[in-house]
Amino acid sequence: MSRIATRTCPLCEALCGLELTLEGDKVTKVRGDRNDPFSKGFICPKGASFGKLDNDPHRLAAPLVDGAEATWEEAFQEVGRSLRRVIDTYGKDAVGVYYGNPSAHSVAGSLYGTAVIKGIGTRNVFSASTSDQMPKHVAAGYVFGDPLAIPVPDLDRTGYLLMLGANPLESNGSLCSAPNFPGRLKAIRARGGRITVIDPRRTRTAELADEHVPIRPGGDAWFLFSLVDTLLGDGLAEPRHEVANLDRLRHLAAEFTAEATEPLTGIPAATTRRIARELAAAETAAVYGRIGTCTQEFGTLASWLIDVLNILTGNLDRPGGVMFPKAAHSFGRRSRPYRTGRWHSRVRGLPEANGELPVAALAEEIETEGEGQIKALITIGGNPVLSAPGGDRIGRALENLEFMVSVDPYLNETTAHANVVLPPPPHTRSPHYDVALLSFAVQNYARYSPPVVDRGDRPAESEIIARIAGEILGVTPEQLDETVIQSTLKKAGREDLRAELGPPNAETRLDMMVRLGPYGVTLDDLVGGRLIGPLEPRLAEVLVLDRIDICPDLFAADVDRMRASRTSDGFVLIGRRHLRSNNSWMHQIDGLTGGTNTCTLRLHPDDAADLGIAAGSLVTVASRTGSLEVEAEPNDEIMRGVVSLPHGWGHARPGTRLGIPAGRAGVSANTLTDESTIDVLSGNAVFNGVPVTVTPVG
Ligand SMILES: Nc1nc2c(c(=O)[nH]1)N[C@H]1C(S)=C(S)[C@@H](COP(=O)(O)OP(=O)(O)OC[C@H]3O[C@@H](n4cnc5c(=O)[nH]c(N)nc54)[C@H](O)[C@@H]3O)O[C@H]1N2
Ligand SMILES: Nc1nc2c(c(=O)[nH]1)N[C@H]1C(S)=C(S)[C@@H](COP(=O)(O)OP(=O)(O)OC[C@H]3O[C@@H](n4cnc5c(=O)[nH]c(N)nc54)[C@H](O)[C@@H]3O)O[C@H]1N2
Ligand code: SF4
Ligand SMILES: [Mo]
């Protein structure tokens with residue numbers, strides 16, 4: 001007998017509803033959930049492969065201890081013993097923690113991560129955020145006072161979208177949760193609006209837009225400063241909110257006229273000035289920058305200047321501009337303004353941001369002897385060996401650890417180094433609620449997905465993570481949950497609510513957060529999805545400062561670093577996402593491989609001709625950190641002087657159990673990226689604009 005179940009797709013940020021057909025425990029068919037009020041049946045090829053992923057025979061079914069299957073009790077005891085030994089011998093900071101991208105999507109990662117960090121009391125905390133969006137947090141933190149106050153473009157109402165470093169036709173969007181992003185973009189044009197894309201590559205998104213403007217990788221801060229200067233110089237700035245430090249901004253921007261930045265960005269001054277005027281003239285406009293503008297040397301300045309443009313054009317916090325979504329759950333309100341650098345990394349002295357140190361510093365913190373050296377590592381849903389800058393070095397460093405435990409369904413390039421691997425159950429057996437992403441959705445929306453298959457006696461991922469914390473704290477998962485519930489209710493002055501809530505577990509905690517949220521709903525009300533409505537202005541609720549700081553001290557000071565930076569004359573590397581990819585971890589799933597989703601080096605045909613490189617031939621790409629051989633794919637979509645390699649490949653490494661044939665393993669872009677170059681303010685990795693040399697093999 002088959003049955004139908006629905007849930008949110010957990011595989012990217014778009015929040016699509018899935019309709020699953022199940023025969024017993026097995027997903028046999030997947031399609032879009034037409035009853036989901038937000039996604040209305042839209043899915044992509046990854047969502048369609050949800051069943052294959054859930055049933056994937058390469059998933060671990062039981063814990064591994066030193067490579068052999070063990071019982072859960074044996075595995076937890078080994079974890080507790082080893083972590084306590086390391087802490088007793090070397091201190092708390094000797095245990096490092098790394099959270100990967102899926103832990104930002106899972107209930108377990110979102111709600112239980114802090115328990116591990118606090119339980120251990122370590123400052124050596126790292127995550128994929130410093131390979132991704134940390135500049136956005138730092139910008140929001142200083143401009144609005146809250147690192148989570150990242151405004152999203154009001155896609156469904158905007159009349160002009162200026163998009164930098166984002167390719168939602170492949171990625172389906174990021175820090176802007178919008179199921180059917182492509183359809184929403186087409187709708188902008190259909191209603192007479194305009195889309196401009198700034199990208200070194202003519203991506204599918206650029207092809208859909210009205211205009212594509214190629215930019216030299218890493219040039220965004222210069223370009224954005226020129227837009228600001230044009231707006232201010234032409235008297236076009238009309239902020240609708242009171243702002244601090246506008247004069248300082250004006251003074252700084254004056255140095256970056258469109259003519260002055262043209263040689264650095266490759267964008268003609270006339271184009272820059274025209275775009276600034278279009279932005280100002282548009283009835284509503286939104287400037288949206290994503291990972292291409294973050295994973296570069298001036299990622300925080302670029303992210304800040306994007307906020308600045310939205311503020312100056314009066315588009316902040318108004319329909320059709322950029323707005324602050326209001327999630328259905330409450331996390332409590334932040335009272336003190338944000339700052340970074342409350343502590344620093346031991347080896348390079350890099351500032352903390354959001355309680356984390358840059359993942360670019362992970363390898364050196366493991367390798368470098370002395371007090372505070374990382375001797376044990378916990379990874380939760382991450383693959384830094386392939387995903388982090390200078391990943392090969394991280395792989396070597398992991399060999400020096402005295403102990404490593406990974407919470408991960410796969411034995412991959414990172415977890416193969418772990419002494420203990422604790423596999424969470426497949427998605428169908430896990431509850432799902434997007435604690436992080438629902439605060440970045442283009443409409444106010446919420447959905448709770450209960451598990452649709454019984455997980456038997458396997459612990460839930462939340463229990464696995466709670467057990468790790470509990471081994472150090474000497475508490476059970478139930479005790480931990482009850483403590484959180486009691487203290488949250490107390491802070492909210494709602495101790496009365498405890499009687500209405502269930503037993504202490506992850507679902508009850510979610511239910512509590514939703515009941516404390518702004519819409520007066522329960523978790524049950526959110527099954528199947530609830531569309532609350534379009535975004536509404538709410539800056540006053542969000543702002544933690546007396547007024548917006550349009551030119552924070554810290555950012556003004558970083559402009560010195562911009563002035564001192566030099567452009568490289570040679571080739572520079574950028575990344576590339578494919579619709580059928582998901583960072584480093586779905587390359588074994590049938591139906592997602594092949595087609596355009598291949599690990600090749602794209603470069604301009606004229607560059608290929610100059611270098612004597614034929615299509616399909618092997619080339620050597622080398623950087624300061626490493627070199628690799630990869631097939632060349634000349635393609636005129638890419639700017640001259642720029643080469644592009646997707647990340648997350650490079651699977652032919654010992655000890656893994658992924659079922660990827662050697663011929664399809666690809667090479668890792670992060671063999672070439674350089675952990676010594678970062679966006680200093682946020683600690684973020686630099687994946688775009690990496691200097692490389694390209695030579696034919698043989
Ligand atoms: N060169 C270059 N490098 C990049 C990027 C780039 O554009 N260019 N992009 C960066 C970005 S944006 C990101 S977010 C990072 C990602 O960096 P990471 O998060 O470190 O890497 P992923 O490849 O996402 O690895 C996800 C891991 O989680 C596991 N996993 C999957 N589902 C679950 C689950 O439900 N629970 C648990 N516990 N584990 C699970 C997978 O098996 C895999 O091991 O990569 C970054 N790296
Ligand atoms: N199919 C698929 N979807 C995904 C993922 C995946 O791996 N595959 N990963 C998910 C994750 S973790 C994230 S964070 C999001 C990311 O979502 P997006 O930010 O949309 O990611 P990308 O597709 O990498 O788009 C980045 C764009 O920036 C361009 N770029 C590179 N350098 C520069 C530069 O210096 N300046 C400018 N202006 N542009 C530049 C690149 O050419 C590319 O087109 O995608 C998510 N969705
Ligand atoms: S777009 Fe994202 S959320 Fe939607 S089906 Fe694809 S992977 Fe899942
Ligand atoms: Mo990401």
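Predicted model: local features only at pLDDT ≥ 70, side-chain atom pairs only at ≥ 80, totals over all residues.
Visitor: What percentage of the 698 residues count as buried?

Guide: Buried means under 20% relative accessible area, exposed over 50%, and partly exposed in between (1.4 Å probe, protein chains only). Of the 698 residues in the protein, the buried percentage is 62%.

Visitor: What radius of gyration does the protein have, beside that of a compact globule?

Guide: The radius is taken over C-alpha atoms, and the globule rule is 2.2 Å times the number of residues to the power 0.38. The C-alpha trace spans about 65 × 65 × 55 Å along its principal axes. For 698 residues a compact globule would have a radius near 26 Å, and in agreement with this the protein has 24 Å.

Visitor: What percentage of the contacts with a separation of 6 or more join residues 24 or more positions apart?

Guide: A contact means heavy atoms within 4.5 Å. The protein contains 24 helices and 30 strands; these are DSSP runs numbered from the N terminus, helices being H or I of at least four residues and strands E of at least two. Among the contacts with a separation of 6 or more, the share from residues 24 or more positions apart is 75%.

Visitor: How many disulfides are there?

Guide: A disulfide is a covalent bond between the sulfur atoms of two cysteines, and the criterion here is a pair of cysteine sulfur atoms within 2.5 Å. Cys-551 is buried at 0% relative accessibility, and its sulfur is 19 Å from the closest cysteine sulfur, in Cys-294, so this distance is too far for a bond. By this rule, the number of disulfides is zero.

Visitor: Which residues does Ser-668 touch, not counting residues up to four places away in sequence?

Guide: Ser-668 lies in the loop between strand S27 (642-644) and strand S28 (678-679). Its relative accessible area is 2%, so Ser-668 is buried. Not counting residues up to four places away in sequence, Ser-668 touches Leu-386, Leu-628, Trp-649, Gly-650 and Arg-653.

Visitor: Is Ala-108 buried or exposed?

Guide: Ala-108 is placed in helix H5 (residues 107-120). Not counting residues up to four places away in sequence, it touches Gly-113, Glu-461, Ser-462 and Ile-465. Because its relative accessibility is 5%, Ala-108 counts as buried.

Visitor: What is the phi of Asp-66?

Guide: Most residues other than glycine have a negative phi. Asp-66 lies in the loop between strand S4 (64-65) and strand S5 (68-69), and at 59% relative accessibility Asp-66 counts as exposed. Although Asp-66 is not a glycine, its phi is positive, at about 45°.

Visitor: Where does Asn-245 lie?

Guide: Asn-245 also is not a glycine and has a positive phi, of about 70°. With a relative accessible area of 31%, Asn-245 is partly exposed. Asn-245 lies in the loop between strand S12 (243-244) and helix H11 (246-253).

Conventions
Residues numbered from 1 in each chain as written. Chains lettered and ligands numbered in written order. Heavy atoms only, no water.
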